[in-house]
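Please examine the sequence and the structure shown below. The paragraphs that follow lead through selected features of this model in turn.

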Amino acid sequence: MRWISLALLACLLAGPPARAQERTTEGVPLRRDKDRVKMTPPAPEKPVPEKEPEKKTGKESPDKAVEKDPVAAAVARLATWPDADAREAAALLALRGPEIEARLIRRLADTSPAQAAGICFVLGEVGRDASLAAVERLAARPGMVPWFTEIFDALGKLDGANAVSRVLPFLRHPKRRARLAAETWLMSRVNAGHAARLASILTDRSRGARLSAFRLLSRGAPEEARARAFDLLDDPAPELARAAADLISSGADDAAIARLNRMVAGVHPRRSAYAALTLVLVGEKTGRRPFTPETIRLLLGDRGLRAVEKVNRGVAAIALADLGYETDDPAVDAVLDRDVVLTLLDTVGGKTFFKDYNSIAALARNRFGKLTGILDRRPVPELWRWWLEHRDTFRARRVLKTIPAGFTAVFRVRARSVAEPPLPATLFSTRPEDAVGPETAGKGFVYLPETDAAALAARIDRELLSLPDSPRLRGEGGDPDAAITVSLGNRSRTVAGRAGDLEPGLVSVLGELRRLRRTYAWQRYWDRDRYPRHDDFIRTELAFFTGDATEAEKAEHLKAMILSAFDDLTARTEREEALDILRRLPVTFTDSDAYALALFLSRESSLTPVALRIVRVLRKAKRPLVVRLLADWFERHPSPRALSLIQDLLAGLGEREIRNAAGSDRLFLRQAAMRAAPGVLEGDALERVLGAGLKDPAPPVRREALLALGRSGAAFAFARIAGGLEDPVDEVRSAAIEALGRLARPEVVPLLATQLDSKDTGRRVAAVRALCRTGIDEALPPVLLALRRDGSEVVRSVAASEIARLGMKALPGVSRIVMDAKEMPEVRALAVETLVRIGGDHVVDVLRALLQDPDDAVADAAALALAELAKKDAVPRLLAALEAGRNPVRTVAALERLSCQSFPSAKASELPVIYRGWWSERREGREEAWFAEALARRGYPAAPLEGFAAGRREMAAVPVLIRALGDPNWYLRANADLWLRRITLEDFGRIRRYTSEEEVRKIQDRWRSWWEKR
């Protein structure tokens, strides 16, 4: 029977037989002859009239071809990957084995991203070396980022031994989603053997790559990560510095604590701040007191609480809050009540945002609550008002060290078992009058007369343990996180730690209720007819929220409160906070809720903060009605953000709503549908929606459809975009050109090259940019031709800048233009600038030769380029250009950079004489010596620069040059940057004449960080 099973399996894989074959073989007896199955048809009783042959009008339709080809049919089913039908098709393909490998590899080139992901799965099961190369190429294809997991799984199956090494480079991917996919895939696969590769990524310029590498290193080689974490405490990325602090603090020993205390006393402010933050985390996790007296003194002084840097002040306040709360240090006590609390408040809600905010804000808010007793999440403006009101009488809370004998703690707590069936709630109290109160009727009551707080806590523990299902008790009333807290003045101490399992949802709804009370929405919800007395209303509502209602019921009740009272909130801040609460609540929004929110929105005249919050709540509703409501409002109040808001909403609603929006009579709805389609739709559905957009009478819709086609990378995109080049509207034609550049396929190059012959300058500029965006080698010759032959200076300038971005592969073509004397001088001058941007110091000899070029424009461009590279060969040519009045601004700037001297008070006619006199005296000197002397005149230390001035590349000069990066004179900053790159062979960003101060500071910080880590 084995051969019958094999035959049946083959039939299943081949798909259903054609109908004609069924008629021919019906009733035919089968006879076995050794290994063959022969069919012996009987003679027909009557001749069957033959049908007329069907007329063939060309090739068979694709649908019929797919029906006859089971492999093609299975591949077509992969378009819905990863649903069940697609996975079944993949399993059928995998059963065919390696014989279909070559065919699947060929199909990868013209499939949708989802189909390509399904093919990757199959290749991982049946593929060989050819599949490995194809899968790696697929990872570089646009639009494949959402399917990186399938690609990585395929690499793991095809090359298990080297899969980790193949995936590690994806940690440097520019898209965050791709990095996270690689990190997730690698998390369970990295080990100590990959530590070197991960450590090399820790020096990457991308903060996302560094963070992913560190997390993986912590997983695969924790000791190596711990050793490197100390050097990462001053990383420019705050999230990485915080991750390093968390890792160090999780297992810090005495040596690590001593090292951290020394780092707090170091010279680098940022490293000092994160070292102190790590010590805070050590104390939080271990209960130790890790700060030395010297460190505490630093935290109180100019290196901590009074530092210039906000992160240092914030961390110092957090550390001093812990120290002051737990200990009785007179020096800390002196600043705890005012300076520490004020700094914590400024850290959490100051007007100046700082990049390390997310690293320390939660810790600062926690310490602020611990010192002030304000534990709810009230808004920062209200905290400031509270501080201004109480700052003169405020006393920070401290831990109560001893509880006096005979002290009677007034304490009440309810505990309710969640056993089935639920038991009555039990009330514990130290007040005997509670036993006769109405709230104890029908409930268990335990009176605790102890006057000793420790005995009281022990008694509560015993009573709670006696209840059924005690580990799941839920505390209600008082402080929900503690069984008992004893307070004396501003000092308090929790003496019983049993809190039971609190339902997170209950805590969040009660917290939001407290926030709602501050906006007066609760009071506005008061039904005066039903509850004439406000106290009765408050008591009833509190009973509901602390009663036995489910979490969903409480959230829905709170939602009704906000919606009914929203119109009565007159203050903008109250409306904003009520909407924020509404957005956080775990509720579902009905159509009636959406209508109510739309009514609130209709009263806003523009996209104000309140209107934006209403839109966000409506987007959370995720109902088709919301699209129509928002469309009505945006039609009356158009906004630049409308398209992106509607786009996100449509993407969340799915395919059906995108199709409805694409057929809407509203222009911006159709535009938003085009934008949202590539991220949601695939295959035929995507083609139908974008195809309809290309036929839309409105040019903006056609433009969005073309750009969406370029982003999609679909197989049908090229032909559709090419048709857009004939659109009568310039805006649409430019969008088609941009979309072709995004496709990045070889076939787009000839089509884009034809656009360079257009009479429209904007069209030619768009074509140049699109060609360079493709990154394809074949795209370079047309752009070089545009640089040489185009009659527009704008097109040539754009071509030069875009060519420079292509890097070294453009160097030969640009060099030929530079050396060709038949080219126009202005073209050769542009090519000279491009040559320097590509080649840097490697093209100095070419530039020196061009100084003697007969064309002044070329020779001057070569001199300016040599000046940027700090080569004194340029000075004679620059002096001649200055005397002749050619390009005086750039020429003077070049002489300032070479001589490291400027004369702002001199007249323009005097500058040639001044610089020629300088040149006659200093022409025998070295460029390094000129720069070193200028630094010495500015007060920089001269001793470390002696070897540098003599032409030696000594690392001793590096600290001085890093300091000079912040000099007020632009030419000293630019020269310091240049010589740092030449000495160290490192590059952390270029400083030029017009580089902003903020960017200069960032570059300087990168150099400092690199130098301290050496």
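The structure holds zero disulfides. A disulfide is a covalent bond that links the sulfur atoms of two cysteines. The model under discussion is a predicted one.

Are cysteine 120 and cysteine 900 buried or exposed? Cysteine 120 counts as buried because its relative accessibility is 0%, where buried means under 20%. Cysteine 900, at 5% relative accessibility, therefore counts as buried by this cut-off too.

The backbone at cysteine 900 is also of interest. This residue lies in the loop between α48 (888-899) and α49 (911-922). Its phi is positive, at about 60°, although cysteine 900 is not a glycine. Most residues other than glycine have a negative phi, and most peptide bonds are trans.

A positive phi is found at leucine 985 as well, with a value near 60°. Leucine 985 is placed in the loop between α53 (970-984) and α54 (997-1013). Its relative accessible area is 74%, so leucine 985 is exposed, the cut-off for that term being over 50%.

Which peptide bond is cis? The bond from tryptophan 81 to proline 82 is cis, and its omega is near 10°. Proline 82 is found in the loop that runs between α4 (70-77) and α5 (84-95).

The largest nonpolar core has 124 residues. Those with the most contacts inside this core are Phe148, Ile151, Phe152, Phe214 and Val340. Helix α19 provides the largest share of the core, namely ten residues. Apart from this core lies another one, of 106 residues, which includes Leu582, Val615, Ala677 and Ala779.

When its neighbours within four places in sequence are left aside, phenylalanine 214 is in contact with Leu202, Ala225, Ala229, Leu232, Leu240, Ala243, Ala244 and Leu247.

Leucine 211 counts as buried because its relative accessibility is 12%, and the cut-off is under 20%. With neighbours within four places in sequence again left aside, leucine 211 is in contact with Glu239, Leu240 and Ala243. Leu240 and Ala243 are also among the contacts of phenylalanine 214. Along the chain, leucine 211 and glutamate 183 are 28 residues apart, and their C-alpha atoms are separated by 9.9 Å.

How many cavities of 30 Å³ or more are counted? The count comes to five. The second largest cavity holds about 50 Å³ of space. Its lining consists of Val264, Ser272, Ala273, Ala276, Leu299, Arg303, Gly304, Asn312, Val315 and Ala316. Of these lining residues, six are nonpolar, three are polar and one is charged. Helices α17 (269-286) and α19 (310-326) each supply at least two residues of this lining.

Definitions and conventions
Residues numbered from 1 in each chain as written. Predicted model: local features only at pLDDT ≥ 70, side-chain atom pairs only at ≥ 80, totals over all residues. Heavy atoms only, no water. 1 Å grid on protein atoms, 1.4 Å probe; cavity = no way out; pocket = protein on both sides within 12 Å on 5 of 7 lines; lining within 4 Å. Points joined across faces, edges and corners; volume = space filled by probe spheres on them. Helix = DSSP H or I, 4+ residues; strand = E, 2+ residues; numbered from the N terminus. Nonpolar A, V, L, I, M, F, W, Y, C, P; charged D, E, K, R; others polar. Core = buried A, V, L, I, M, F, W, Y, C linked by side-chain atoms within 4.5 Å. Buried < 20%, exposed > 50% of the residue type's maximum accessible area, 1.4 Å probe, protein only. Contact = heavy atoms within 4.5 Å. Disulfide = S-S within 2.5 Å.
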